[in-house]
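Trainee: I am new to this structure. Please take me through one part of it closely, and then its surroundings.

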Amino acid sequence: MFGTRPEVIKLAPIILELRKYPEKYRVIICNTEQQKELSNQTLCYFGLQADINLDCMRPNQTLAEVQSRILTSLDKVFEDNKIDATIVQGDTMTVLCGALTSFYRKIPVFHVEAGLRSYDIYEPFPEEVMRQMTSRVAELHFAPTEKNKKALLQEDISENKIHVTGNTVIDALFCLSENTMEQAKEFFASKEIPIDDKLVLITAHRRENHGERIDRILEALTYLVKTYPDHKFVIPVHPNPNVKCKIYSKLGEFENVYLLSPLDYPYLVYLMKNAKLILTDSGGIQEEAPSFGCPTLVMRYETERQEGIDAGVSVLVGAEYDKITSYASEILSKPRKDTRLKALNPYGKGDSSIIIRNLIDEYFK
């Protein structure tokens, strides 16, 4: 069960792995369509298609409204299908609603990417609360790292329900073929965006960064764009009007800034692979970027992905003008070859989906 692009990316390797064993598993793919276009587009990349689409989003709806709509829609899904277990990933409204609906019907929940914590209920908002609540009802917790496992143990979750698996986002990276990367190269060439050693990738969309924070972030980005005119700043712009309008208004006039519609997954990976620097408030990019040795500035005040900070592959800069500009300048003032990270990716090796499938096998035995 999923609704957003990151959930598709991280669950697709598990779906593909389980479908290798049709004698054991009948996998039903349910998309709540929290991000309708992005999630379905990304599914196609993995050669997958949802069995059930719920079309739960409406313009300008509140969190309570979307929660009630997803819960009601999922209740019918469970009424119409015999379900032995529900697999959810991460910390979205879909995850919480999937966990709750399963709990109400006494169906076990398997939580992929369990145990991430910032311990600030408003950072990230509302995801921190959603993942904590999901942990209370999950039957199996697939924790990416030992740190995540320790967080779950501290919350009195039984150790025999927690398994360290690595993060399936690394599995997804290894699904990319040479042909796919060549198509991505051609895509950016068609947009007349030169991909070279002076590429900066920026993503900003989180709800807690709306308002004054996005204003400060854009002030810092404006400084960098002006100070490093020989660098190309590529920004896939989130469709949320709270973000989109401000980004276009502030950065749309600069020749070295390329504002794009949200990118298909392999195109975003291609940018990460070639970027000199990444500035992001995304969770998934924090996990993926270390595989390409790319320094990452995390524009958040708290992160549930502390392993990257501890390993030195990313830096927490919040929405602070001085931090963003100083850390970014330190990297942009040097040649790309001198800024590559040497540390291994702390989030996994690319075999997480196999580990998870084996654990599910054991559970049903």
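Mentor: Start with the open sheet, which four strands form in the order β3-β4-β5-β6, with parallel pairing. This is a predicted model. At the edges are β3 (86-89) and β6 (162-164), each of which pairs on one side only. On average, neighbouring strands of this sheet are turned by 20 degrees against each other, direction ignored.

Within the sheet, look at β4 (residues 109-112) and β5 (residues 140-143), which pair in the parallel sense over three bridges. Val-112 has Phe-142 as its bridge partner in β5. In general, the strands of a sheet pair through backbone hydrogen bonds, either parallel or antiparallel.

Next, find helix α5, residues 127-137. Helix α5 lies across β3, β4 and β5, and runs at about 140 degrees to β4.

Now turn to a pair of helices. Two packed helices are described by the angle between their axes and the distance between the axes. For α8 (residues 178-190) and α11 (residues 265-274), the axes come within 9 Å and cross at roughly 80 degrees. Angles of 65 to 115 degrees count as roughly perpendicular, so α8 and α11 are roughly perpendicular to each other. On the α8 side, the contact is made by Thr-180, Met-181, Gln-183, Ala-184, Lys-185, Phe-187 and Phe-188. Helix α11 contributes Pro-266, Tyr-267, Tyr-270 and Leu-271. By type, the residues of this contact divide into eight nonpolar, two polar and one charged.

How values were computed:
Residues are numbered from 1 along each chain as its sequence is written. This is a predicted model: local features need pLDDT of at least 70, side-chain atom pairs count only at pLDDT 80 or more; totals for chains, interfaces and linings use all residues. Side-chain values use heavy atoms; hydrogens and water are left out. Axes are lines fitted to C-alpha atoms, for helices over the stretch in contact, and angles run from 0 to 180 degrees between N-to-C directions. Helices (H or I, at least four residues) and strands (E, at least two) are DSSP runs, numbered from the N terminus. Angles under 35 degrees count as roughly parallel, over 145 as roughly antiparallel, 65 to 115 as roughly perpendicular and the rest as oblique. Contact means heavy atoms within 4.5 Å. Ala, Val, Leu, Ile, Met, Phe, Trp, Tyr, Cys and Pro count as nonpolar, Asp, Glu, Lys and Arg as charged, and the others, Gly among them, as polar. Two strands pair if DSSP finds at least two bridges between them.
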